[in-house]
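Colleague: I would like to learn how to read a pocket lining, a nonpolar core and a strand pair. Could you take them in turn?

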Amino acid sequence: MNNLRLTYLFQRYYENNITEEESREWMDFLSNDEYKEQIRQLIDSKFLDSGQEIYTLPDQKANDMLDHILDSTKYSVEEEEYSDEESVHTWFNLRWAKTLLAASVSLVFLYGAYNWLSKKQESVAGQPEMISAYGGDAKPGKNRAILTLEDGKTVDLSQVGSGYIAGDSAVMVDKSKGEIKYSGENSRQNPSRAKYNTLTTPRGGQYKIVLPDGTQAWLNAGSQIKYPTCFRKGQRVVEIKGEVYFEVAHNPNKPFSVRIHKPDKKVTEINVLGTHFNVSSYDEDHRLKTTLLEGSVKIKNGNKEMVLKPGQQAEIPFRTNSDISINEVDTKAVIAWKEGRFEFNGCLEDIMRQITRWYDMDVKYEGDVGSKSFAGAVSRKENVSEVLKMLELTGGVQFTIEGHVIHVKSAVQ
C-alpha cells in the first residue's frame, strides 16, 4: 500500500529541500519494512523521470541497500550518543545522519544508473554477461543439494518441484526456501530399524533441512549431513562434513549429538539438549571449529571434554591427540554465511577458501600472498568480481580470472 506522505518526503529529500523535522519522519519510514517496496519503486521512478528506460533494481538488492543505510545510520547514532552525553535532548546527531543518509541514497541512484547502462550496453553490443575487469566472472551459489536415500537412489533437489518426493510421503521439498522437511508424524512411528538419508551440498550450493524432530540445519557449500529418517527412543545422532548451522529442538529425554569424522579417523562428538551452534569442519581448513550462540554444548575429542558457553568457539586442529582451545568470538561474523554475507577477518588463504567454495572456483597464488590479512564484509549474493573488488580496495593484492581459476598476486611491483 502506497503512502502519499512517504512519496512527498522522498521528493523533498531528492530535491534537497527537506527540513529537520521531515528528515526525522523520513528516517522513520526507512526503518519500517512495510515501506521498502514503495521506496524501491520511487527510486526506480527517477530513471523514468529523466527519460531513460526503466531498470528495476532486484528486490533483494534494494532491500540489502536499505538495510545497509539503516545499519550505518544506527551505528553513527550510537557513536554520537557515546561521544556527547550532554546532548540528551536529541536522539541522534541530525546533521551527521543526514550526511550519511545522503551518501547512501546517492549510492542507490548511482547503482541503478550503473545497472541500467550495463544492461543497455550488453543488449546493444551483445557482450557476454559474465565479463568483469578481472577478465571473467562467476555468479554466486544458490540453493542446490543432492538427497541420497538409503537404497542409494539420488534426488537432485534443484531439478524437482515443490511438494513431496515421489515414493516418500515423509519428505517435502520447498524450492522457494531451499529446504526439505521431514514429517514429524513419521518420526513417531519408531520402526525397529531407522533408515538413513544423506543431504549433500556441492561447491556453489547451500540448503536447509528440517529433521524429523523439528531440528533445523543449514548446510553451507560443500557440506553433508547424514541422519535417520526417524529418531528412535533415547537418541538423536547425525553425522556431518563441511559447515552446518544447527537450531536443535529441545528434548531433555532425547539428547542430540553431532559426530564429525576427521581426516585422522578420530571422531569428535558434540552433545546438546537444545541450542543454536555452528560447526565448521572442512578438511582443507585443517581444523574443526564449533561456535555456540545459545544454550550449552559439550565437545568430546578423544579423552578430552570441554563445555562451551554462548559466545565461545572451540577449535581442534586436525591432528592426533590435539587439544581443544576455547576463544571468545563474534558469533554474528561466524554465521554471516547463513545470513547471506561474507565477513572476512583473517589471512587471504582462509578467505579464498570461502570464496572458491561458494563460487565453485579454484585459486592459484603468484608469490607469497596467501598469508596477507584482510577484514571486510560483502554480500554473498554478488558476483565474485564484486567480492574480489572489495579485497583489492583494502590494498596489497590483485586478481585476474581465467575460466574457473582466480589468480592472486601482490599489488606491490
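**Pocket, core and hairpin**

Modeller: In the second largest pocket, the lining residues divide into twelve nonpolar, nine polar and twelve charged. Bear in mind that this model is predicted.

Colleague: How many residues line the second largest pocket, and which lie nearest its centre?

Modeller: There are 33 lining residues, with K289, A333, V334, E343 and Q354 nearest the centre. The pocket's volume is about 860 Å³.

Colleague: Which element supplies the largest share of that lining?

Modeller: Strand 20 does, with seven residues. Other elements that supply at least two residues each include strand 15 (287-294), helix 7 (331-334) and helix 8 (348-359).

Colleague: Now the core. Which residues have the most contacts inside the largest nonpolar core?

Modeller: L147, I180, L199 and F246 do, in a core of 40 residues. Strand 11 (residues 236-247) gives this core its largest share, four residues. Apart from it lies another core, of 25 residues, with Y134, A138, F344 and W358 among them.

Colleague: What does I180 touch, leaving out residues up to four places away in sequence?

Modeller: Its contacts include L147, L157, V171, L199, Y207 and Y227.

Colleague: Last, the strand pair. Which residues of strand 23 form the covered face, and which the uncovered one?

Modeller: V397, F399 and I401 make up the covered face, while Q398, T400 and E402 make up the uncovered one. Strand 23 runs antiparallel to strand 24 (residues 405-410), joined by six bridges. F399 stands opposite V408 of strand 24. Two residues lie between the strands of this hairpin, where G403 takes a positive phi near 65°.

Notes
Residues are numbered from 1 along each chain as its sequence is written. This is a predicted model: local features need pLDDT of at least 70, side-chain atom pairs count only at pLDDT 80 or more; totals for chains, interfaces and linings use all residues. Side-chain values use heavy atoms; hydrogens and water are left out. A nonpolar core is a set of buried Ala, Val, Leu, Ile, Met, Phe, Trp, Tyr and Cys residues joined through side-chain atoms within 4.5 Å. Buried means under 20% relative accessible area, exposed over 50%, partly exposed in between (1.4 Å probe, protein chains only). Contact means heavy atoms within 4.5 Å. On a 1 Å grid over the protein atoms alone, a cavity is a set of points where a 1.4 Å probe fits but cannot get out, and a pocket is an open set with protein on both sides within 12 Å along at least five of seven lines; lining residues have an atom within 4 Å of a point. Grid points are joined across faces, edges and corners, and a volume is the space filled by probe spheres set on the points. Ala, Val, Leu, Ile, Met, Phe, Trp, Tyr, Cys and Pro count as nonpolar, Asp, Glu, Lys and Arg as charged, and the others, Gly among them, as polar. Two strands pair if DSSP finds at least two bridges between them.
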